[in-house]
Amino acid sequence: MTDPRIEKSLYLDASPSRVWAFLTEPDCLARWFHPSDRALTSPGPYNFWKTTSEAGRPYCWGEVLEAEPETRLVYTFTHEWLSGHPTRVAWTLEAAGEGTRLSLVHDGFGGGPVDGLDALFDHDAGWDAHFTTLREGLKLAEPVV
């Protein structure tokens, strides 16, 4: 079997610049995903915590590999269940009328300590839940850009 991967696209009623902020800025990430220790706008390591009040050990972590504003964001991604095995998350943003088509490819599950299909099913469901929160966060939040 080839390396399991998740591929998803969704249309958001928000500009690419606003969606970019929700993918990269700590205060926006905390609204739909996890709080971050830094903006994901330049290469380098990052940490996500489960909640904003949590301190100490990160919940998820990785390294930003590419950050092309309002176009593309790529980072490695892991957590304890994956025993630090790095997967890769790639986001692509495209203008769609007055909104944005946001595409996700999450790969690199093969060869990890968890069965590739188990990891795929778990993360696929997780992204679905986070996308629901992202849509709501974009609707409710004050515009950031």
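Tutor: A word on terms before we start: strands are DSSP runs of E, at least two residues, numbered from the N terminus. Threonine 87 sits in one of them, strand β5. Keep in mind that this is a predicted model.

Student: Is threonine 87 buried or exposed?
Tutor: Buried, because its relative accessible area is 2% and the cut-off for buried is under 20%.

Student: What does the side chain of threonine 87 make a polar contact with?
Tutor: With the side chain of histidine 106, at 2.8 Å. Histidine 106 belongs to β6, where it is the bridge partner of valine 89. Leaving out residues up to four places away in sequence, threonine 87 also touches others, including Tyr75, Phe77 and Leu82.

Student: How many bridges join β5 to β6?
Tutor: There are 9, between residues 87-96 and residues 99-107, and the two strands run antiparallel.

Student: And the sheet, what is the strand order?
Tutor: β1-β6-β5-β4-β3-β2, an open sheet of 6 strands with antiparallel pairing. From one strand to the next, the twist averages 25 degrees.

Student: Which strands does helix α1 lie across?
Tutor: Helix α1, residues 16-24, lies across β1, β3, β4, β5 and β6. Relative to β5, the helix runs at about 160 degrees.

Student: Switching to aromatics. How many pairs does the structure hold?
Tutor: It holds 11 aromatic pairs. In one of them, the rings of tryptophan 32 and phenylalanine 33 have centres 5.3 Å apart and planes at 35 degrees, so that pair is tilted.

Student: Are those two buried or exposed?
Tutor: Tryptophan 32 is buried at 3% relative accessible area, and phenylalanine 33 is buried at 9%. Phenylalanine 33 also pairs with tryptophan 127, and that pair is stacked, with 5.3 Å centre to centre and 5 degrees between the planes.

Student: Where do phenylalanine 33 and tryptophan 127 lie?
Tutor: Phenylalanine 33 is in the loop between α2 and β2, while tryptophan 127 is in helix α3 (residues 116-140), so the pair ties together parts 94 residues apart in sequence. Tryptophan 127 counts as buried too, at 2% relative accessibility.

Student: Which residues form the aromatic cluster?
Tutor: One cluster is formed by Trp32, Phe33, Tyr46, Phe48, Tyr75, Phe77, Trp91, Trp127 and Phe131.

How values were computed. Residues are numbered from 1 along each chain as its sequence is written. This is a predicted model: local features need pLDDT of at least 70, side-chain atom pairs count only at pLDDT 80 or more; totals for chains, interfaces and linings use all residues. Side-chain values use heavy atoms; hydrogens and water are left out. Two strands pair if DSSP finds at least two bridges between them. Helices (H or I, at least four residues) and strands (E, at least two) are DSSP runs, numbered from the N terminus. Axes are lines fitted to C-alpha atoms, for helices over the stretch in contact, and angles run from 0 to 180 degrees between N-to-C directions. Contact means heavy atoms within 4.5 Å. Rings of Phe, Tyr and Trp (its six-membered ring) pair if their centres lie within 6.5 Å; planes under 30 degrees apart count as stacked, over 60 as edge-to-face and the rest as tilted. Buried means under 20% relative accessible area, exposed over 50%, partly exposed in between (1.4 Å probe, protein chains only). A polar contact is a pair of N or O atoms within 3.5 Å; within protein, one must be able to donate a hydrogen and the other to accept it, and residues adjacent in sequence count only if both atoms are side-chain atoms.
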